Amino acid sequence: MERLNRFLARSGVASRRRADELIASGSVRVNGEVPPPSGVLVDPDQDTVTVDGRAVKPRTKHRYLMLNKPVGVITTAKDEADRATVLDAVGEEGLSGHRLFPVGRLDADTSGLLVLTDDGELAFRLTHPRYKVAKEYVAIVAGSPSAGDLDSLRKGVDLDDGKTAPAEVEVAGFDPALGSGHTELRVVIREGRHRQVRRMLHAVGHKVQSLRRTGFGPLKLGRLKTGDWRVLGEAEVEALHRAVRIEPP
Ligand code: URA
């Protein structure tokens with residue numbers, strides 16, 4: 001027997017959290033009945049599970065992509081205002097018949113590394129605060145943060161939703177193309193609050209001018225060009241599983 005939300009996640013319907021929402025919305029039926037909102041167990045071999053009338057079958061082979069998300073592209077599966085989404089960015093060839101969804105979020109004005117998959121269990125863990133998956137960003141900020149500013153960021157800064165956990169922060173190097181008046185920082189956080197890096201840097205007096213994610217857990221963006229995507233290699237998929245303590249496939 002298996003929890004219904006886990007079964008739905010493993011089947012590639014949605015992340016576990018989103019599966020709970022689907023169950024609560026009444027879209028999911030088990031043997032034709034609407035189950036109670038939480039805690040229902042199903043037998044994957046015996047029970048018939050449907051979502052909006054369509055039968056759900058556990059998928060065995062998942063798909064894992066890395067996208068270098070451009071600025072202006074929205075991290076959602078479907079945008080109500082019909083703006084370009086990360087699914088549009090990978091197109092039919094990227095989807096290859098799978099129901100992919102983004103793992104976590106990048107703001108519209110942030111570019112960089114975003115994983116797309118139909119592996120709900122992996123996605124659930126990669127975005128769950130318990131697993132403290134490292135997210136690496138390169139931020140260009142206005143001005144020149146002092147040693148004290150960097151130290152505050154490392155120790156944690158007070159935001160309106162609480163103090164941030166310790167972060168890695170360093171000046172990423174001098175880029176002559178940037179000219180004076182800007183600084184490039186490398187920031188690694190293990191939380192995933194809304195617009196967290198922008199808010200952290202703003203809290204120490206430095207407005208973010210551009211933000212790019214360059215690392216996610218064991219993955220690095222590398223030379224993947226903005227707007228391009230690629231299928232993750234076997235070693236990368238294994239490393240992602242190990243990072244959140246799942247036996248690799
Ligand atoms: N922090 C931000 O401010 N924005 C992102 O997109 C990700 C992290």
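Trainee: In strand 13, which residue is the bridge partner of Glu-170?

Mentor: The model is a predicted one. Within strand 13, the residue bridged to Glu-170 is Arg-186.

Trainee: Over how many bridges does strand 9 pair with strand 13?

Mentor: Arg-186 of strand 13 is also the bridge partner of Val-138. Strand 9 covers residues 135–142, and its pairing with strand 13 is antiparallel. The number of bridges in this pairing is 8.

Trainee: How many residues of strand 13 are buried?

Mentor: Strand 13 spans residues 182–189 and is mostly covered. Buried here refers to a relative accessible area under 20%. Of the 8 residues in the strand, the buried ones number 6.

Trainee: Which helix contributes the largest share of the shell around the ligand?

Mentor: The residues around the ligand include Gln-196, Val-197 and Arg-198. The largest share of the shell amounts to 3 residues, and its source is the helix of residues 196–203. That element is helix 6.

Trainee: What percentage of the ligand's accessible area does the protein cover?

Mentor: One of Gln-196 is 3.4 Å from a ligand oxygen, and one of Val-197 is 3.1 Å from a ligand nitrogen. For Arg-198, a backbone N or O atom lies 3.0 Å from an oxygen atom of the ligand. On its own the ligand has 230 Å² of accessible area, of which the protein covers 96%.

Methods: Residues are numbered from 1 along each chain as its sequence is written. This is a predicted model: local features need pLDDT of at least 70, side-chain atom pairs count only at pLDDT 80 or more; totals for chains, interfaces and linings use all residues. Side-chain values use heavy atoms; hydrogens and water are left out. A residue is near a molecule or strand if one of its heavy atoms lies within 4 Å of it. A polar contact is a pair of N or O atoms within 3.5 Å; within protein, one must be able to donate a hydrogen and the other to accept it, and residues adjacent in sequence count only if both atoms are side-chain atoms. Accessible areas come from the Shrake-Rupley method with a 1.4 Å probe; for residues, only the protein chains shown count as cover. Helices (H or I, at least four residues) and strands (E, at least two) are DSSP runs, numbered from the N terminus. Buried means under 20% relative accessible area, exposed over 50%, partly exposed in between (1.4 Å probe, protein chains only). Two strands pair if DSSP finds at least two bridges between them.
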